[in-house]
Amino acid sequence: MPVIEVEHLHKRYGDKIAVDDVSFTVEQGEIFGVLGPNGAGKTTTVECVQGLRRADGGTVRVLGLDPVRDRTEVRQRVGAQLQESQLPDKLRVREALDLYRSFYRNRADIDELLDDLGLTAQRDTAFHKLSGGQKQRLSVALALVGRPEIAILDELTTGLDPQGRRDTWDLVERIRDRGVTVVLVTHFMEEAERLCDRLAIIDTGRVVAIDTPSGLLSRVGTEHRVHFRPLDPVDDALLAALPEVTGVRRSGDEVTVTGPEQVLQTVLSALAEQKVRYAGLRVEQPTLDDAFVSLTGRAARATTPPSTDERSS
Ligand code: ATP
């Protein structure tokens, strides 16, 4: 049973078409990714889902409701973490949670929430003294304080360091494990690949593909690339003649052999048989980046979130 149904959504800002034609459904209990480069129309789409913007065309149903007409009810049942959570500087973590909690009829236990989000030690810390990661976690806590059935998380890990990002991914999985459906807006392929059960790739206001991460990967083939630097002479023709090998390339002193998943084993056996020593062995597998490039014909703007150091409070 879908909890979100978006059909032929269209939204303009003046002459600018932000969302051209977007359709997708989100099933109860899944982590659904909305993935695409900057300016693709992701935020506009989820703002229409939350009833913050009125669509110019198409229909949106959330938990069977119309998010614009039934805005009050949708607000009670859908928790949203906005791109930039700005609270008054002096407001303390606990006070912010108490305030937001009072808006909802289903209220989460604040101590439990603080504990879950690793913010117990910051309960009396003022907003402006929180680190980037702690602010991010507080904004997630605010999205969960009304015990929502759906949580919409937009650009959750932007600006976090690698550890902060990983912790946040674990957190998103814990939210889903509690039975909350998660819509995760991101332009980071790695994040989508790691977390999402299914995802919609959006580019210039249109859905390019909807699938599971592995389904998207299988669309671009399963070619692996084995790279190594031979320390003894090796005959490229011999490598190319091995079963499963689809290509052999040299770049400087590095050899790259391509083929399906088993190609690594094939290459290693052949090198051992010919007593060829090697260094710098690495294997590249297809990623969602490759899927994105193949589906849209161009590279995603960013694949790895920029790191900024988390300040300590
Ligand atoms: P990002 O990852 O950068 O947040 P996005 O995929 O969420 O991008 P949107 O924010 O939905 O994309 O923007 C889609 C397009 O609509 C962009 O070209 C953007 O410049 C434009 N746009 C967004 N909001 C407005 C607005 N309020 N007025 C005019 N144009 C807007």
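Figure 1. When residues up to four places away in sequence are not counted, A240 touches V245 and V248, a contact being heavy atoms within 4.5 Å. The C-alpha atoms of A240 and V267 are separated by 9.9 Å, although the two residues are 27 residues apart along the chain. Residues are numbered from 1 along each chain as its sequence is written. Because the model is predicted, local features need pLDDT of at least 70 and side-chain atom pairs count only at pLDDT 80 or more, while totals for chains, interfaces and linings use all residues, and side-chain values use heavy atoms, with hydrogens and water left out.

**Figure 2. The residues around the ligand.** The ligand has 13 residues around it, and G39, G41, K42, T43 and T44 come nearest; a residue is taken as near a molecule or strand if one of its heavy atoms lies within 4 Å of it. Strand β2 (16–27) and helix α1 (42–49) each supply at least two residues of this shell, and α1 gives the most, with 3 residues. Sorted by kind, the shell holds 4 nonpolar, 6 polar and 3 charged residues, where Ala, Val, Leu, Ile, Met, Phe, Trp, Tyr, Cys and Pro count as nonpolar, Asp, Glu, Lys and Arg as charged, and the others, Gly among them, as polar.

Figure 3. A polar atom in the side chain of K16 lies 3.3 Å from an oxygen atom of the ligand, whereas in A40 a backbone N or O atom lies 3.0 Å from a ligand oxygen. The side chain of K42 has an N or O atom 2.9 Å from an oxygen atom of the ligand. The ligand taken alone exposes 630 Å², and the protein buries 65% of that area, with accessible areas coming from the Shrake-Rupley method with a 1.4 Å probe, and with only the protein chains shown counting as cover for residues.

**Figure 4. Helix α1 and the buried residue T45.** Helix α1 is mostly covered, as 7 of its 8 residues are buried, namely K42, T44, T45, V46, E47, C48 and V49. T45 has a relative accessibility of 0%, which means that it counts as buried. The side chain of T45 reaches the backbone oxygen of G41 at 2.7 Å. Leaving aside residues up to four places away in sequence, T45 touches L9, V19, V22, F24 and I202. After α1 comes G51, whose phi is positive, near 80°.

Figure 5. Most residues other than glycine have a negative phi. L63 counts as buried because its relative accessibility is 16%, whereas R147 is partly exposed, with a relative accessible area of 46%.

**Figure 6. The setting of these views in the whole protein.** The domain assignment, which is automatic or taken from a database, gives domain 1 (4–217) and domain 2 (224–285). The centres of domain 1 and domain 2, taken over C-alpha atoms, are separated by 44 Å. The secondary structure comes to 11 helices and 13 strands, and the C-alpha trace spans about 70 × 45 × 35 Å along its principal axes. Of the 313 residues, 47% count as buried.

Definitions and conventions
Polar contact = N/O pair within 3.5 Å; in protein donor to acceptor, adjacent residues only side chain to side chain. Helix = DSSP H or I, 4+ residues; strand = E, 2+ residues; numbered from the N terminus. Buried < 20%, exposed > 50% of the residue type's maximum accessible area, 1.4 Å probe, protein only.
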